[in-house]
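Subject: The structure, and what turned up in it

Hi,

Here is the structure I promised to pass on.

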Amino acid sequence: MKTPKSFEQPVYVTRPPLPDRNAVYRKIDEIWDSQWLTNIGYQHKLFESKLQEYLAVPNVSLFCNGTMALQMACQALRLSGEVITTPFTFAATPHVLYWNNLKPVFCDIEPETFNLDPQRIESLISPQTTAILPVHVFGYPCNIEAIQEIADKYGVRVIYDAAHCFGVEINGNPIGIFGDLSMFSFHATKIFHTFEGGALTFKDNSIKERLELSKNFGFRNEETIVVPGINGKMNEFQAALGTLMLDIIEDEMHKRKKLVMIYRERLKNIAGINFRGDIPGVKHNYYNFAITVDATEFGISRDELYKTLKKYNIFTRKYFYPLCSQFQCYRNYPSSAPENLPVAERVSKSILTLPLYGSLREADIHKICDIIATYAYSSAYNLNVSSICYSN
Ligand code: T4K
């Protein structure tokens, strides 16, 4: 096989979709004219109501970022003690627990979805457990029914980290209606973003007032401060951007879906490269495209593939490696012992997220796959990897 050349420009793991520049300028004009920049102004109210409609949820509360939203979710439910969560997630998930004086208890994941394994949750429940914090990893929904059954049996709350899950549906039900609350991240790296930002969705109307107070220093009015709140507000620019992003999100998901189909087709016959397909009944958002690399079958390890692709100017990411349970601040917890988390340990050591975003060209995906295929081929013939790498 002819060895592909390096990309001239770096190809990143993701790039943010952006609304039409002139539409953004018009929004900026509106904000400038109003001189209202933050503190739950017109743009905030507009975005919140449009988002509620798009996500088809009874309640939405906006925040300055997803981490703050998750912090506030824990506060709103008055959690204490221990919270069962996954080690296969971004650092924010357990860190939020730590900042709420809660102890993360790490539970292993399912090999198929990379999500919290319901069969492993029950044995971790203790008298101190007050909640379960599962993550819908890479936009693939958790086993919601099984998790809710356990939560109901033990009287604990469920907060979903739905940071990756914007627009996902299960059998026509929006992902944001499950559990007590769900958190969405609108960080620049997410399929739907407001530069930075986040939201909570929930069914219980009484939570809304608590959240509104908590994110605005606890102010009920100018002279009445009812809770020790914090500053978690989304500003007017973020909100205006959110409104514009709603116009392009479906198109972005559609573009990513087409690219994912090419990846799947091109990689399906490469031994040692595995990936997840669609789940029947789920409307996926195609947030990212993650593969696992079986070094024995493929020929080179995940780490070697990561380094090799970098030489071609392709910047993949090892989401999520290392596991959160291996962070210095958590690794001494009993639940962090690698023997308790065999699936998460294995997945974390073999996972690699390949570039995916709407503005990536189909030809780019083919080229990335050509490069990966070269290495499967080269390993079979025992060629020298570094000599192939530089042969452009
Ligand atoms: N829960 C979960 C499960 C999460 O994944 C996250 C965030 C959270 C909670 C917390 O939500 P937020 O508080 O962030 O709203 C990124 C993001 O910073 C983080 O938001 C995200 N998860 C995580 C998965 O990824 P990094 O350190 O990998 O990002 P960075 O800066 O290396 O960016 C990755 C690539 O994206 C770059 O190589 C190029 C591209 N990029 C990035 C930025 C920031 C752009 O093209 N433009 C940009 O502006 O953490």
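Let me start with a question: where is Pro-322 found? Pro-322 sits in the loop between strand 16 and helix 11. Helices (H or I, at least four residues) and strands (E, at least two) are DSSP runs, numbered from the N terminus.

Before the rest, a word on the ground rules. This is a predicted model, in which local features need pLDDT of at least 70 and side-chain atom pairs count only at pLDDT 80 or more, while totals for chains, interfaces and linings use all residues. Residues are numbered from 1 along each chain as its sequence is written, and side-chain values use heavy atoms, with hydrogens and water left out.

Most residues other than glycine have a negative phi, and most peptide bonds are trans. A cis peptide bond, with omega about -5°, joins Tyr-321 and Pro-322. The bond from Tyr-319 to Phe-320 is cis too, with omega near 5°, and Phe-320 is likewise in the loop between strand 16 and helix 11 (342-350).

Phe-138 is not a glycine, yet its phi is positive, at about 55°. You will find Phe-138 in the loop between strand 5 (129-133) and helix 6 (144-154). With a relative accessible area of 2%, Phe-138 is buried (buried means under 20% relative accessible area, exposed over 50%, partly exposed in between, with a 1.4 Å probe and protein chains only). Asn-171 also has a positive phi, near 45°, and is placed in the loop between strand 7 (169-170) and strand 8 (173-174). Asn-171 is exposed, at 60% relative accessible area.

**The overall fold**

The protein has 13 helices and 17 strands. Its radius of gyration is 22 Å, close to the 21 Å from the globule rule for 392 residues, so the protein is as compact as a globular protein of that length. The radius is taken over C-alpha atoms, and the rule is 2.2 Å times the number of residues to the power 0.38. Along the principal axes, the C-alpha trace spans about 75 × 55 × 40 Å.

Of the 392 residues, 55% count as buried. Looking at contacts (heavy atoms within 4.5 Å) between residues at least 6 apart in sequence, 70% join residues at least 24 apart. The protein exposes about 17,900 Å², and carbon and sulfur atoms supply 50% of that; the areas come from the Shrake-Rupley method with a 1.4 Å probe, and for residues only the protein chains shown count as cover.

**Cavity and pocket**

Rolling a probe the size of a water molecule over the atoms shows where empty space is left. On a 1 Å grid over the protein atoms alone, a cavity is a set of points where a 1.4 Å probe fits but cannot get out, and a pocket is an open set with protein on both sides within 12 Å along at least five of seven lines; lining residues have an atom within 4 Å of a point. Grid points are joined across faces, edges and corners, and a volume is the space filled by probe spheres set on the points.

The largest pocket has a volume of about 510 Å³. It is lined by 28 residues, with Phe-90, Ser-185, His-187, Thr-189 and Lys-190 closest to its centre. Elements giving two or more residues to the pocket lining include helix 3 (66-76) and strand 9 (181-185).

**Helix 7**

Which residues of helix 7 (206-214) are buried? They are Ile-207, Lys-208, Leu-211, Leu-213 and Ser-214. Among the elements covering them are helix 2 (42-55), helix 3, strand 9 and strand 10 (198-202).

**Two more residues**

Tyr-312, in the loop between helix 10 (302-311) and strand 16 (314-315), is buried at 0% relative accessible area. Glu-145 lies in helix 6 and is exposed at 67%.

Cheers
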